[in-house]
Amino acid sequence: EQVRACLPHNWKVTPPDLEERLDLRTTHRVFSIDPPGCTDIDDALHAHPLPNGNFSVGVHIADVSHFIKEGTALDREAQSRGTSVYLVNKRIDMVPRELGEDVCSLNCQIDRFAFSVIWEMTPDAEIKDTLFAKTIIKSVHSFSYEEAQKRMDNRELHDDITLDIRRLNGLARILRKRRLDNGALTLSSPEVKFKRDEENENPVDVEMYQLRETNALVEEFMLLANVEVAKQIAKIFPAFALLRRHPSPRQTNFDFLKRTLGRFGLDLDVSTSKALADSLDTINRQDDPYFNTLVRILTTRCMTPARYFASGSVTPKEFHHYGLAAAIYTHFTSPIRRYADVIVHRLLAASIGIAPLTPKLNQRSIQ
């Protein structure tokens, strides 16, 4: 009951909100791309051409921290849960569904609060300018990955939203190639989905979850937003920004896998992430289409786990995220289902001067 007492009732945009936020409802064509049946929509995107030939590209994230105030019963409950948990037949939410599926979820054709990262980006996906802002958006459409893919692939469609998706996809391809060229790893972590008996909901079959190019499109811009936010909060709060790093694995972690592959006449170069990525691309047995996937799965198990940390607790050199080949990284894009992102939202708001440091974070800064 204490948690539910913190929830907003009959929430809607008010005149003071318009003064405090950037109103994008009529100026930016925002839309979301998610798994089918998604009801807790964390993120949305836009991509508009600019008069100078560049693009305005935006990642818009549900502004959960606006509704979860530090120290409240709602905040304490979300913190104790840490994340949402997804099971075969149900989801255990981090925040009440009134927030996760309604007030915070970026559902289409409804006014919603967002925390946005907006870039001016060249056609070569070079960032010319970055804006962080609390915004008001109204998503024009909620796509599933499959729906967005079909729309993007249909060459008879040339409407504004379809062109926006194609723009995003073209930029995402460049961003992805740049990451891989820098040594980012494409490791295999197969996703599965279960078919259930309609009467008792018991699982009756399992099948692979099909990944499409639109999955990669969304992933690239979420990764980019996380990197840009990490840079911002670490610059303003170098002692206590909440970041996420992935330490380089020990060479000995790969000994068994290297010996096993050696029996097939294959060599796995683990000297750097770039060398590992390149050698994984060359490992392939034509008579066994699943061999390369299996090797990537086993390589994943050789990795050290990624971890959250305060920026002042290690040297900047140790900020590095090995798997993403990123010099700095954090979690910003999933605040409905991940509490770390709520903290990062609070830090970002303070870093751009639109909110004071919360009491706990301010205490951390003093320490």
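Contact here means heavy atoms within 4.5 Å. Helices (H or I, at least four residues) and strands (E, at least two) are DSSP runs, numbered from the N terminus. The buried residues of helix 2 pack against helix 3 (97–103) and helix 10.

This is a predicted model: local features need pLDDT of at least 70, side-chain atom pairs count only at pLDDT 80 or more, and totals for chains, interfaces and linings use all residues. Residues are numbered from 1 along each chain as its sequence is written, and side-chain values use heavy atoms, with hydrogens and water left out.

**Helix 2**
- Helix 2 covers residues 73–81, and its buried residues are Ala-73, Leu-74, Asp-75 and Ala-78. Buried means under 20% relative accessible area (1.4 Å probe, protein chains only).

**Helix 6 with helix 10**
- Helix 6 (residues 213–236) packs on helix 10 (residues 339–351) at an angle of about 60 degrees, with the axes 9 Å apart. That angle makes helix 6 oblique to helix 10.
- Axes are lines fitted to C-alpha atoms, for helices over the stretch in contact, and angles run from 0 to 180 degrees between N-to-C directions. Angles under 35 degrees count as roughly parallel, over 145 as roughly antiparallel, 65 to 115 as roughly perpendicular and the rest as oblique.
- Helix 6 brings Val-229, Gln-232, Ile-233 and Ile-236 to the contact; helix 10 brings Val-344, Leu-347, Leu-348 and Ser-351. By class, the contact has six nonpolar, two polar and no charged residues.
- Ala, Val, Leu, Ile, Met, Phe, Trp, Tyr, Cys and Pro count as nonpolar, Asp, Glu, Lys and Arg as charged, and the others, Gly among them, as polar.

**Asp-63**
- Asp-63 sits in the loop between strand 4 (55–62) and helix 2. Asp-63 is buried, at a relative accessible area of 1%.
- The Asp-63 side chain makes polar contacts with the side chains of Ser-65 (3.3 Å) and Lys-134 (3.0 Å). A polar contact is a pair of N or O atoms within 3.5 Å; within protein, one must be able to donate a hydrogen and the other to accept it, and residues adjacent in sequence count only if both atoms are side-chain atoms.
- Beyond four places in sequence, Asp-63 touches residues including Arg-21, Phe-113 and His-345.

**Arg-112**
- Arg-112 lies in strand 7 (residues 111–121). Arg-112 is buried, with a relative accessible area of 4%.
- The Arg-112 side chain reaches the backbone oxygen of Asp-102 at 2.8 Å.

Conventions: Buried < 20%, exposed > 50% of the residue type's maximum accessible area, 1.4 Å probe, protein only.
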